[in-house]
Amino acid sequence: MRAFAFILALSFATLLGGSQVAAQEGHPLKGSWLGTWAGNKIHGNDVLVVLNWDGKNITGMINPGTDNMAVKNATLNPDGWVVHLEADAKDKSGAALTYVIDGKIEDLRLPNRSITGTWKNQRESGVFKVGRQ
Amino acid sequence: MRFRLVRVFAPALAVSVLAAAVTVAAHHEILAKFDDKKPLTLTGVVTLVDWRNPHVHVFMDVRDQKSQMLNWAIELESPIDLQRGGWNKDSLKPGDSITVEGMAARNGSRQAWGKSVVLGNTGRRILTASFAAPPPPLSPRPTPRWPDRQPRLGAAAAGAAPGYWAYPSSTALVENGVNVPMSTYGLLQNIADASKVAPLQPWARALYIERQRRFLQDDPMYLNCKPPGGPRQFELPYGVQFVEDREHQRIFVLIGSGNSNYRIIYSDGRGQKGQVGGDDDNPLYYGRSVAKWDGDTFVVDTTGFNEDFWFTNGGLPHTDQLRLVERFSRTDFDTMKYDVTIEDQGAYTRPWTSSSTLRWVAGEDLPRHICQENRS
């Protein structure tokens, strides 16, 4: 069911956005990021991250509408454009999980820049890669 | 040998470049595409003149060291600038023999920026454009005013000769009191000065430095003809025209550069939301401007910007939290003082102000420069 909801959300996003990537010359993390956290058996391979910048804090949501994981402790170190994100979640049994994502912004100058790195929780880990939509 | 790539900055070339004395007014930072460390001289025959915005291109056949004929693209200023310098689209014709001095493209392609062009048959230097501001009047003329004594920001009187504002005293935002050398398009001479330019947040400073290190080649106005929103509309070579619609309490700012866009400043008491039917909070390139008069100063408050453009030459970042307070004062007939206060908690640590002046260009209509004319 979760996978279906994700695909539905993704289809809407694709329909709305078409193939265009919106320009974004402000804070490099702001926007919607779509990609994979490879090998994630609990929440699926695909991931959507929506991030915002209020001038002091990076806020956002992982898989809005499906998993609704609020981003916390998010940082961007401009020295190397290193990204750190955390989010609390629950598995299917209701047990608590905390995701930790560490990566780096690639192709900073492009609207469709990407974040590549790793993800992990208490049980699993893998490669994280998302591109800005 | 008719092709000669000058790898050493020869004295003769230095003299000729100085003689040309061209103040570049291109629509983007020349060094974004061309390398001033790679001067070159090309001699050959014109094959095509592409007389279009944003830049004129002259194509020429040049024989290389191996006697192979190669076609080069020479990029020049815009048609507007070349016409100001006495050129027209017939100044060069296919078949003309020319010598071009300039600089090579950074990417190694057969493109060059032309600093000077000399006709082979006559030796006449035909690229002699100069874009310096005209000399100011010997004595200041009084500020033109409406019958109610309010200063006129545009034409001096109904039916008067046309005119517009151009030749900005500063072409990139820098906080008042800071003096850092930079090019017309805000490219710093010394990148270590980056943190002096404005009170940048760490991420914004790093992004600004990144843009500077890449010679501003990622400028969306250059790459995608994005509009020059914010103070940038007053920093560009083709000026702005104020059209005052007093009946409806609004001023149209017609923008000569970019894509000849316009901006509307309302002084009818409305707020900054819902000014354009149906788009309410849709972020815009020029934001939503409301204004009032403070004595002889027109004070404009603008919010509602998007993040899709660079709001100043040089690539200082902004966010959608940007608020601009602009103060326009026509201090005499020929001078407009422009003070802008930047409030953007998303990119800066505190509000800051930058000031400049514009000169009245009398008797001329606003140049029509449309960047997209030559872009796909």
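Is Asp35(B) buried or exposed? In this predicted model, Asp35(B) is buried, because its relative accessible area is 11%, and buried means a value under 20%. The residue is found in strand E2 of chain B, which covers residues 34-50, and once its neighbours within four places in sequence are left aside, Asp35(B) is in contact with Met103(B), Ala104(B) and Arg106(B). The points below go through the strands, the nonpolar cores, the interface and the salt bridges.

**Strands in chain A**

- Chain A holds a closed barrel of 8 strands, which runs in the order E1-E2-E3-E4-E5-E6-E7-E8 with antiparallel pairing. Neighbouring strands of this sheet are turned against each other by 25° on average, if direction is ignored.
- Strand E4 of chain A (residues 69-77) and strand E5 of chain A (residues 82-90) run antiparallel and are joined by 5 bridges. In this part of the chain, Asn77(A) stands opposite Val82(A), which belongs to E5(A).

**Strands in chain B**

- Strand E4 of chain B (residues 69-75) pairs in the parallel sense with strand E6 of chain B (residues 111-119), over 3 bridges. Here Ala73(B) has Gln111(B) as its bridge partner in E6(B).
- Strand E5 of chain B (residues 97-105) is joined to E6(B) by 7 bridges, and these two strands run antiparallel. For Ile98(B), the bridge partner in E6(B) is Leu119(B).
- The hairpin of E5(B) and E6(B) has 5 residues between its strands, and in this hairpin Gly108(B) takes a positive phi near 80°.

**Nonpolar cores**

- The largest nonpolar core has 72 residues, and the residues with the most contacts inside this core are Phe242(B) and Leu316(B). Helix H4 of chain B (residues 202-213) gives the most to this core, with 6 residues.
- Apart from this core lies another one, of 24 residues, and among them are Leu42(B), Val62(B), Ala112(B) and Leu119(B).
- Not counting residues up to four places away in sequence, Phe242(B) touches several residues of chain B, including Trp165(B), Phe234(B), Ile251(B), Phe252(B), Phe328(B) and Met336(B).

**The interface of chain A and chain B**

- The size of an interface is often given as the accessible area lost when the parts come together. For this structure, chain A and chain B bury about 1400 Å² between them, with 53% of it on carbon and sulfur atoms.
- In chain A, the residues that lose the most area to chain B are Glu25(A), Trp53(A) and Arg109(A), which together make up 38% of what that side buries.
- The contact takes 14 residues from chain A and 22 residues from chain B, and across this interface there are 4 salt bridges.

**Salt bridges between the chains**

- The side chains of Arg211(B) and Glu25(A) meet in a salt bridge, with a distance of 3.1 Å from N to O. This pair crosses between chains, from Arg211(B) in helix H4 of chain B to Glu25(A) in the loop between helix H1 (2-17) and strand E1 (31-37) of chain A.
- Both partners of this pair are buried, because Arg211(B) has a relative accessibility of 5% and Glu25(A) has one of 11%.
- Asp320(B) forms a salt bridge with Lys30(A), and the closest N and O atoms of this pair are 2.3 Å apart.

**Salt bridges within chain B, and the total**

- Arg250(B) forms a salt bridge with Asp245(B), the closest N and O atoms being 2.7 Å apart. Arg250(B) is partly exposed, with a relative accessible area of 24%, whereas Asp245(B) counts as buried at 17% relative accessibility.
- Salt bridges that share partners also join Lys30(A), Glu307(B) and Asp320(B) into one network.
- Lys37(B) forms a salt bridge with Asp36(B), and the closest N and O atoms of this pair are 3.5 Å apart. Lys37(B) is exposed, with a relative accessible area of 65%, while Asp36(B) counts as partly exposed at 35% relative accessibility.
- Over all chains, the structure holds 25 salt bridges.

Definitions and conventions
Residues are numbered from 1 along each chain as its sequence is written. Chains are lettered from A and ligands numbered from 1 in the order in which they are written. This is a predicted model: local features need pLDDT of at least 70, side-chain atom pairs count only at pLDDT 80 or more; totals for chains, interfaces and linings use all residues. Side-chain values use heavy atoms; hydrogens and water are left out. Two strands pair if DSSP finds at least two bridges between them. Helices (H or I, at least four residues) and strands (E, at least two) are DSSP runs, numbered from the N terminus. Axes are lines fitted to C-alpha atoms, for helices over the stretch in contact, and angles run from 0 to 180 degrees between N-to-C directions. A nonpolar core is a set of buried Ala, Val, Leu, Ile, Met, Phe, Trp, Tyr and Cys residues joined through side-chain atoms within 4.5 Å. Buried means under 20% relative accessible area, exposed over 50%, partly exposed in between (1.4 Å probe, protein chains only). Contact means heavy atoms within 4.5 Å. Buried area is the accessible area (1.4 Å probe) that two parts lose on being put together, summed over both.
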